Amino acid sequence: MRVRGAPAIAIVAALAHAVELQNGAGPSSSAADTISYIDSRLDYLYESRPTAVDLGNAITNLKKVVRGVDVSSLDQDAARSAIVNAYIEAAEEILRKDTETNLKIGSHGAEWLLENAPIKSAEGKVAVLTHCNTGSLATSGHGTALGIVRSLNSQGSLSHAFCTETRPYNQGSRLTAFELSFEKIPSTLITDSMAGALFATRKQSDSIAAVIVGADRVVRNGDTANKIGTYALAVLAQHHGIKFIVAAPTTSIDLHTDSGVGIKIEERKPEELTQISGAVVGVDGKVNASKSVRVATADQTIGVWNPAFDVTPAELIDAVVTERGVVTKGADGRFDFKEIMPERWAEVVGN
Ligand SMILES: *[C@@H]1O[C@H](CO)[C@@H](O)[C@H](O)[C@H]1NC(C)=O
């Protein structure tokens, strides 16, 4: 949890291993040994966060890159250097590309929403709700879902952004609220359980046009695994005629899995529900970041179910916004990702 957010997990894992290699970690023997060392470290990192697909995609790509280095004419040391350098370049490319991707998702998503918003303010602005954290603290910068919020705001098209607390780990109140305040975006924090009441409040000035969330994994039919609570928001959004938008780089789209049934959901420790920790607030109302406390918020012996993610079925999703464009459902009511990623589709699904 020191690193969270599907793109950030992949970036940090790839770069952390690049630092290790740069510092001389691994065998100084054959090229094959160097590659199998890299494989073993990448496999270890993969085990850390099984739900997010970005990490898996990054690892597949990095493994391919190190195997593509021509070492036939090199001695042992030069071969190791060539493989390590190729790895480092590929890891840095993941970082660079992510920023580019975020900016594109931001502009595609903002454009789509302004065209399709069910309701706008008198000035033509939209209000949105976002869940969890998908901003610059979850990616290389800008963000995915929060990137759309940022893009709307910088175009003068955002009337208000609401963010959920995102229980139990509170990435919404800890991180998104911080990002929104830091950027002076007009915003309000609510608990997860307040979304229904918020949607039912249909004042023209700030009624919600869309829920915008990120994704840990979008599978082939559009079913989307994301932070726990996403599914509940999608059900509520549909009931209230509010657009439900998933912002996801194509690296988060998993064509190998055909529906949400196949997604492995990480379960986390009970203490995230039964205890809470945070910085101390002094009598002056100021937060003392160097002093934290842990308190009980529940009976410490109660059984706990703490899934970190849930799966939102494609039928509740209006649009999947990627860096290559916005995918909506066709006349048959299904998402088709073939058009935006024809090469991966051909490779994984066939025709
Ligand atoms: C913050 O907490 C630290 C550690 O307990 C303490 O030394 C420091 O005086 C506190 N600062 C303020 C402004 O209260």
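Guide: A residue counts as buried when its relative accessible area is under 20%, and as exposed when that area is over 50%. The model is a predicted one. By that cut-off, helix H5 is mostly covered, with eight of its ten residues buried. They are Ala 145, Leu 146, Gly 147, Ile 148, Val 149, Arg 150, Ser 151 and Leu 152. In general, an α-helix has 3.6 residues a turn, so residues three or four places apart point the same way. Just after H5, Gly 156 takes a positive phi of about 75°.

His 142 is part of the loop that runs between strand E1 (126–130) and helix H5 (145–154). His 142 has a positive phi of about 65°, although it is not a glycine. Most residues other than glycine have a negative phi, and most peptide bonds are trans.

Asn 133 also belongs to the loop between E1 and H5. Its relative accessible area is 3%, so Asn 133 is buried. Two polar contacts involve its side chain: one of 3.1 Å with the side chain of Thr 176, and another, also 3.1 Å, with the side chain of Glu 179. Leaving aside neighbours within four places in sequence, Asn 133 is in contact with Arg 4, Ala 138, Leu 146, Gln 171, Leu 175, Thr 176 and Glu 179.

Asn 170 sits in the loop between strand E2 (158–164) and helix H6 (171–182). With a relative accessibility of 7%, Asn 170 counts as buried. Beyond the residues up to four places away in sequence, Asn 170 touches Glu 165, Leu 175 and Ile 276. Leu 175 is therefore a partner of Asn 170, and Asn 133 is in contact with Leu 175 as well.

The loop between E2 and H6 also holds Pro 168. The peptide bond joining Arg 167 to Pro 168 is cis, with omega about 0°. Past H6, Lys 184 lies in the loop leading from that helix to strand E3 (187–190). Lys 184 has a positive phi of about 55° and is not a glycine.

Another helix has a covered residue to look at. Ala 79 lies in helix H4, which spans residues 76–116. Its relative accessibility is 4%, so Ala 79 counts as buried. Apart from residues up to four places away in sequence, Ala 79 touches Ala 31, Val 71 and Leu 74. Ala 32 is 47 residues from Ala 79 along the chain, and their C-alpha atoms are separated by 9.6 Å.

Strands follow. Asp 216 is found in the loop between strand E4 (208–213) and strand E5 (217–219). UniProt lists Asp 216 under "active site", in an unreviewed entry. Asp 216 has 10% relative accessibility and so counts as buried.

Strand E5 belongs to an open sheet of four strands, ordered E8-E5-E6-E11, with mixed pairing. Strand E8 (253–254) and strand E11 (309–312) stand at the edges with a single partner strand each, so one side of each is left without a neighbour in the sheet. Strand E6, residues 224–227, pairs with E11 in the antiparallel sense over four bridges. Within that pairing, Asp 310 of E11 is the bridge partner of Asn 226.

A separate pairing involves strand E12 (residues 319–322) and strand E13 (residues 325–328), which are antiparallel over four bridges. A hairpin of two residues joins E12 to E13. Val 321 stands opposite Val 326 in E13.

The ligand remains. Asn 288, Ser 290 and Lys 291 surround the ligand. Taken alone, the ligand exposes 360 Å², of which the protein buries 30%. A polar side-chain atom of Asn 288 lies 2.4 Å from an oxygen atom of the ligand.

Key: Residues are numbered from 1 along each chain as its sequence is written. This is a predicted model: local features need pLDDT of at least 70, side-chain atom pairs count only at pLDDT 80 or more; totals for chains, interfaces and linings use all residues. Side-chain values use heavy atoms; hydrogens and water are left out. A residue is near a molecule or strand if one of its heavy atoms lies within 4 Å of it. A polar contact is a pair of N or O atoms within 3.5 Å; within protein, one must be able to donate a hydrogen and the other to accept it, and residues adjacent in sequence count only if both atoms are side-chain atoms. Accessible areas come from the Shrake-Rupley method with a 1.4 Å probe; for residues, only the protein chains shown count as cover. UniProt positions are given in the numbering used here, feature names are shortened, and annotations may be inferred rather than shown by experiment. Buried means under 20% relative accessible area, exposed over 50%, partly exposed in between (1.4 Å probe, protein chains only). Contact means heavy atoms within 4.5 Å. Two strands pair if DSSP finds at least two bridges between them.
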